[in-house]
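Biologist: I am new to this structure and would like to learn how to read it. Could you take me through some features step by step?

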Amino acid sequence: MLDLLVIGAGLSGMMAAYAAARDGLRVRVIAKGLGSMHWSAGGVDLLGYLPGEEDAVVTPLTALDALPAGHPYRIPGQEGVTEALALFQEIMGQSGLAYTGAPSADSNLSLPSPVGAARPVYLAPAGQRGGDLDDDAPILVMGFQGMRDFYPELIAENLTRLGHPARADFLPLDMITNLRDRNTIQLALALDEPERAKRLGQALKVRVRSGERIGLPAILGLDEHPRTLEILAAESGAPVFEIPTLPPSAPGVRLHKALRATLLDAGVRVEAGMEAMGFEREGKRIRWVETETAARPLKHRASHFLLATGGILGGGIDSDHTGKAWEVVFGLPLTTPQARSQWFRPEFLDPRGQPVFRGGVPVNNEWQPVDGDGQVVYENVWAAGNVLAHTDPILERSLEGVAIATGVAAGQAIVQRAGGHA
Amino acid sequence: MHGISWQSVDHSLDECIKCNICTAYCPVASITDLFPGPKYSGPQAQRFRENGQPHSPDHAVDYCSGCRVCNEVCPSGVKIAELNARARAQIVADHGLPLRNRLLGRNELLGKAGSLAPGLANFALHNPISRIVAEKVMGIAKEAPLPTWSRDGTFVDWMKRTASQRLRSDKKVVYFHGCATMHYEPFVGKAAVAVMEHHGYEVIVPPQNCCGLPMLSNGEFKAAEGYHRNNVAHLGGYALAGYPVIGTSTSCTLTLKEEAPELLDMHGEAVTSLKMGTWDIFEWLMEIYDAGELRTDFQEMEMVLPYHAPCQARAHRVGKPALEILALIPGVDVRESHARCCGIAGTYGYKVEKYQIAMDVGQELFDFVLDQGEEVEYSACDSETCRWQMEHGTDLPSRHPIEILAAAYGLYDMETRELVEQAT
């Protein structure tokens, strides 16, 4: 039997699975589909904004202590969060996808978004690091004619307006592929071919001006990304970096693949296409979770269960037209407002955020879901990631940081408990 | 608490958030322009197929191989492969079916016809001249890996011949052999029977038809419905009485469980009993294993075994039970393939215009198998056409996992594909 069943294959579930498997637990991850990471820009946001404040956070680590009590960061605190991020950096480094932050550990990087806004990112993959907006070098935003969902002119204009000189240019898409209507992942795969990368690098060399760095859509290789980056920089003679695209996002897919491979090496299988839709309990213990199949429900027996299914955007919380919201696997108590009229404030961009996104599963300091009286709901259930209450990752720009910090901490809490039982 | 998977195929398309993960993982869209990808052909084009539109806007859907990788990776539970299958059926209803597709859908009939005179049939089908003719006249790719008819009778012939030696027991299971085991690979059925009897189960083989999947894949829903009705009539009673209906072809069992009821909108009591009572053989063995009843009297087998869980096995959504059981055999080093698809997708890769696509799709699997080292003698896969495709693409023989398990119990010879005579 499994020691731990993780429900959800996003960043929090995978990090928790790793933290538990590393300490010898028998772990499996199940997921309805492949989600969240495929939509993410691939960086790690820690904390960009504090609720109710207009200005971006300058010292994100220190600012963790300024978050309201109950925020998931307040449980591990600065020390626990730093430790979890270090573990993430370590495993990504071993996977060949190095993540680094600003020179000072207590500051965010400022990187261009897909529309040319400045976004606060705590750790960036090597491919995006060169987009650092604290660097004064002017930017050549290079797009490809006919490539959907990447707009160099928009990006360059917005960056320039923000005080970062940038200009837009285009190359023909057949530099990369002769097939039509390719999406980002297919283009990234095409650029895994060294010959194509070389040809692109040579074309960039002709277009780039002295002193410029080149921002390209995030399609610079998928499985051979570091090599593709190297070839492009060498052939173009200029620093090259990626600007995230609309989904599916190659940096997110790389991250997902790297974590999945790391888990496989640690003996953890990740099964997609398995939607949790029921469970069996005995008193306050969950005996098994059931997933939907082509016929009978499949039982997943484990001694510990971690809920890492995501929030209302990720599918861990569902709702109906009246605004009634529920947690989809165990029906756990939620802090989410249960009437549609209470979901949103009158102002769309209210700096305090929207209540519906701050709602979620409340937990105790051991990451175990609790009811309104603070009592543990199920003795062997834990929760991590965006399903948790008291965080609004959209407003805070804290999505990946919360996922990593809570995933690792919950995984460790489960290891401790499992050790206690053994 | 029920999510989208419990909703109808049509309603599921409203859950699509256009994230394109399906397109990113679609093995066909990544290598050809002829198929724009699951999102476009599925939930997107479906908008234009609503309300009895007379003509489908999207004939590219014919290039969907039906592998169901899109369903597997979709984070929103959209039943993309089913949308595509229904769209193909609409095209067939509008425009009729080419003779070639009609023939490929009639697996059972072909099997029966060839089994009358297997030597002649094999010669007629497999000589290079007829393959060229078949390609020119019918559009059946001349290189594609067609099976050969069994020369020593069908699987059911063997069951009858050995009736007196078959185990009688209070514990009974029903075996669904499918057309391939019946006519081309009776040895897979023999291995399955041997393993089930080894666990003390009597194996019942009622009359049965083709599961109907080849017809469903080719958009011939009406004929598939006839087959499914017959199967329900023959097997539904057993399922209702609680006998597990066990199959060795993961695509046949998937059809009994889900494809036929869902695509054909058949939801009666007997249909649902059969759906709920059908098992892939390794899914069933896993259940026995979980109950602590799987026999472990294995012989040691030193082998490196590249194993590919075919798309249709993954589409059962029960994990990879064959992988887990094979890993219990001492000495067997199972290497798990993460390739998306072998390419052949039932009848898809036999069509001349799709043969090369199927081979290109399969390349990542062929490479995986060949990368496992010189000492590899066999690959393994649960689905027959996938095995034939893997053999075609790698030049290495491929075996059903049940053949390997039967060999590990000392019941079966993997090389000759014969049961080992038991000393009594």
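Predicted model: local features only at pLDDT ≥ 70, side-chain atom pairs only at ≥ 80, totals over all residues.

Biologist: At what angle do the axes of helix 12 and helix 22 of chain B cross?

Modeller: Helix 12 of chain B (residues 186-198) and helix 22 of chain B (residues 401-408) have axes that cross at roughly 50° and come within 9 Å. Helix 12 is therefore oblique to helix 22 in chain B. The crossing of these two helices of chain B is left-handed.

Biologist: Which residues make that contact?

Modeller: Helix 12 of chain B brings Phe187(B), Val188(B), Ala191(B), Ala192(B) and Val195(B), while helix 22 of chain B brings Ile402(B), Glu403(B), Leu405(B) and Ala406(B). By class, the residues of this contact between helix 12 and helix 22 of chain B are eight nonpolar, no polar and one charged.

Biologist: How do helix 1 and helix 3 of chain A cross?

Modeller: An angle of 65 to 115 degrees counts as roughly perpendicular. In chain A, the axes of helix 1 (residues 11-22) and helix 3 (residues 77-94) cross at roughly 85° and come within 12 Å, so these two helices of chain A are roughly perpendicular to each other. Leu11(A), Met15(A), Tyr18(A) and Arg22(A) of helix 1 meet Leu87(A), Phe88(A) and Ile91(A) of helix 3. That contact of helix 1 with helix 3 of chain A has six nonpolar residues, no polar and one charged.

Biologist: Now for domains. Which ones does the assignment give for chain B?

Modeller: Chain B is assigned domain 1 (4-95), domain 2 (99-138) and domain 3 (151-424). The centres of domain 2 and domain 3 of chain B, taken over C-alpha atoms, are 23 Å apart. Their contact takes 16 residues from domain 2 and 18 residues from domain 3 of chain B.

Biologist: How much area do domain 2 and domain 3 of chain B bury between them?

Modeller: About 1,400 Å², with 52% of it on carbon and sulfur atoms. On the domain 2 side of chain B, Arg100(B), Leu104(B) and Glu108(B) lose the most area to domain 3, together 35% of what that side buries.

Definitions and conventions:
Residues numbered from 1 in each chain as written. Chains lettered and ligands numbered in written order. Heavy atoms only, no water. Axes fitted to C-alpha atoms, helices over the stretch in contact; angles between N-to-C directions. Helix = DSSP H or I, 4+ residues; strand = E, 2+ residues; numbered from the N terminus. Parallel < 35°, antiparallel > 145°, perpendicular 65-115°, else oblique. Left-handed = near helix turned anticlockwise from the far one by under 90°. Contact = heavy atoms within 4.5 Å. Nonpolar A, V, L, I, M, F, W, Y, C, P; charged D, E, K, R; others polar. Domains from an automatic or database assignment. Buried area = accessible area lost by both parts, 1.4 Å probe.
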